[in-house]
Amino acid sequence: MKKVKIGDQVLYVPWSKPDRTATVKVIEICRRGEKNGHNVESCDLDQHQDGTITLSDGHWCYFNQVKRVINQ
């Protein structure tokens with residue numbers, strides 16, 4: 001179970017850069033292939049495959065780009 005909530009730090013894989021760490025600012029559950037959906041406070045990434053996370057470093061990622069939740 002990979003549960004994430006706003007304020008957690010995550011290790012994620014950007015599209016063309018080495019792995020990065022950032023703090024979760026917004027979590028959205030979306031339709032497959034879309035970036036915008038409905039906001040939630042927390043989410044089990046293993047239960048919801050389609051969604052995005054907006055991060056403190058100015059980037060965003062899909063749920064499947066998150067390798068690990070550091071703070072739980």
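Predicted model: local features only at pLDDT ≥ 70, side-chain atom pairs only at ≥ 80, totals over all residues.
Residues are numbered from 1 along each chain as its sequence is written. Local features need pLDDT of at least 70 and side-chain atom pairs count only at pLDDT 80 or more, while totals for chains, interfaces and linings use all residues, and side-chain values use heavy atoms, with hydrogens and water left out.

**Exercise 1.** Determine which strands pair with β6, and how they run.

Solution. Begin with the terms: strands are DSSP runs of E with at least two residues, numbered from the N terminus, and two strands pair if DSSP finds at least two bridges between them. Next, take strand β3 (residues 20–29), which is joined to β6 by five bridges and runs antiparallel to it; here I29 has G51 of β6 as its bridge partner. Then turn to strand β7 (residues 60–62), where three bridges make the antiparallel link to β6, and where C61 stands opposite I53. Finally, look at the hairpin of β6 and β7, which has four residues between the strands and in which G58 takes a positive phi near 90°.

**Exercise 2.** Find which residues touch the most other members of the largest nonpolar core.

Solution. First, such a core is a set of buried (under 20% relative accessible area, 1.4 Å probe, protein chains only) Ala, Val, Leu, Ile, Met, Phe, Trp, Tyr and Cys residues joined through side-chain atoms within 4.5 Å. The largest one has 16 residues, of which V4, I53 and L55 touch the most other members. Among the strands, β3 gives the most to this core, with four residues.

Methods:
Buried < 20%, exposed > 50% of the residue type's maximum accessible area, 1.4 Å probe, protein only.
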